[in-house]
Amino acid sequence: MEMPANNLRPQTVLRALLPMVLSVAAWAVPAAAQQRPDVFLLNTYDGTQAVRGWVMSEKLDGVRGIWDGRRLLSRNGNPLHAPPWFTRGFPPFALDGELWSRRGDFENIVSIVRRETPDARWSQLHYHVFEAPNQAGGLLDRLAVLRDYLQMHPGTRIKIIPQTRVESRQHLKRFLAEINAGGGEGAVVRDPETPYQTGRLASALKVKTHLDAECVVQEILPGKGKYTGLMGALGCRMTDGTRVNIGTGFTERMRARPPAVGSVITFKYYGWTGNGKPRFPVYLRMRR
């Protein structure tokens with residue numbers, strides 16, 4: 001028996017199938033990487049900049065989060081999977097801040113934030129805001145917009161990081177000493193009159209009593225004495241090729257399960273030795 005001829009033209013068939021093809025393609029091809037948010041970055045205070053009249057705040061050792069008015073993103077533009085209750089009541093405008101719990105808790109904060117399936121540990125965190133990017137005026141004017149919003153919407157997980165006016169360099173030193181005494185990371189000083197800008201700014205400086213750098217773990221050195229059977233130190237190499245052994249700043253748990261060879265860590269140090277090595281290197285954290 002002869003089959004009836006199909007009267008559909010090829011163009012008609014293609015038009016009918018095209019939506020299905022595009023749908024399958026969109027499902028099959030991985031999504032493109034998120035666009036990196038355009039944010040401001042800190043320069044380093046070296047003691048020579050005139051910062052009297054600027055404002056200072058504590059530099060929190062948490063995970064930076066960018067609120068775009070709808071969702072939380074990392075500095076690289078990747079979504080941070082906060083539970084819906086955490087962002088309930090967040091404003092419909094952009095914010096920049098730090099997901100933070102307390103001083104010295106960086107590793108725990110990272111383990112909370114990096115999970116794609118959020119858990120109850122998010123209750124340990126607040127969103128500590130230091131910027132409202134798209135608002136007019138200087139820094140304090142921009143933060144005042146958020147403060148007014150929070151007065152109308154109490155009970156959110158948002159906290160505004162306090163800003164204190166710098167009276168003198170000695171005032172800044174005392175402020176930094178108090179932070180260091182409590183185990184904090186350092187301070188930030190900013191020119192409050194500067195409109196919002198992005199990139200690395202001369203008007204936003206990090207202030208620390210120590211320097212910090214990154215290095216790649218080359219080897220795990222065995223411990224001695226009370227650390228027998230554990231990691232004693234990490235043998236690392238800095239980006240300029242300088243070799244550095246880091247043996248302090250680790251918990252017992254980290255000595256039992258040290259960072260893997262090839263991982264990148266951040267350490268602090270206090271100047272340089274006579275032969276060009278970082279002086280008194282201390283482990284700070286894994287680079288996320």
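Reply: The part to look at is an open sheet of five strands with mixed pairing, in the order β1-β10-β9-β2-β8. At its edges stand β1 (40-44) and β8 (164-165), each with a single partner strand, so one side of each has no neighbour in the sheet. Strands here are DSSP runs of E with at least two residues, helices are runs of H or I with at least four, and both are numbered from the N terminus. Two strands pair if DSSP finds at least two bridges between them.

This is a predicted model, in which local features need pLDDT of at least 70 and side-chain atom pairs count only at pLDDT 80 or more, while totals for chains, interfaces and linings use all residues. Residues are numbered from 1 along each chain as its sequence is written, and side-chain values use heavy atoms, with hydrogens and water left out.

Strand β2 (residues 55-59) pairs with β8 in the antiparallel sense, over two bridges. Val-55 has Arg-165 in β8 as its bridge partner. Val-55 also lies 9.9 Å from Glu-193, C-alpha to C-alpha, although 138 residues separate the two in sequence. Glu-193 belongs to the loop between β9 and β10. With a relative accessibility of 61%, Glu-193 counts as exposed (buried means under 20% relative accessible area, exposed over 50%, and partly exposed in between, with a 1.4 Å probe and protein chains only).

Is Phe-40 buried or exposed? Its relative accessible area is 4%, so Phe-40 is buried. The ring of Phe-40 pairs with that of Tyr-196 in an edge-to-face way, 6.5 Å centre to centre and with 85 degrees between the planes.

Nonpolar side chains in soluble globular proteins tend to be buried together. A nonpolar core is a set of buried Ala, Val, Leu, Ile, Met, Phe, Trp, Tyr and Cys residues joined through side-chain atoms within 4.5 Å. The largest one here has 37 residues, and Phe-86, Leu-95 and Tyr-127 have the most contacts inside it. Among the elements that each supply at least two residues of this core are β1 and β10, along with β3 (63-67), β5 (95-100) and α4 (139-152). Another core lies apart from it, with 15 residues, including Phe-250 and Tyr-283.

Phe-86 and Tyr-127 also belong to one aromatic cluster, together with Trp-67, Trp-85, Phe-90 and Trp-122.

For contrast, consider strand β12 (residues 231-238), where seven of the eight residues are buried. Strand β11 (residues 211-222) pairs with β12 in the antiparallel sense over seven bridges, and Ile-220 has Leu-234 in β12 as its bridge partner. β12 is also joined to β13 by four bridges, again antiparallel. Here Gly-235 stands opposite Asn-245 in β13. β12 and β13 form a hairpin with four residues between them, and Gly-241 in the turn has a positive phi of about 95 degrees.

As for the whole, the protein has six helices and 15 strands, and 42% of its 288 residues are buried. Of the contacts (heavy atoms within 4.5 Å) between residues at least 6 apart in sequence, 67% join residues at least 24 apart.

Terms used: Rings of Phe, Tyr and Trp (its six-membered ring) pair if their centres lie within 6.5 Å; planes under 30 degrees apart count as stacked, over 60 as edge-to-face and the rest as tilted.
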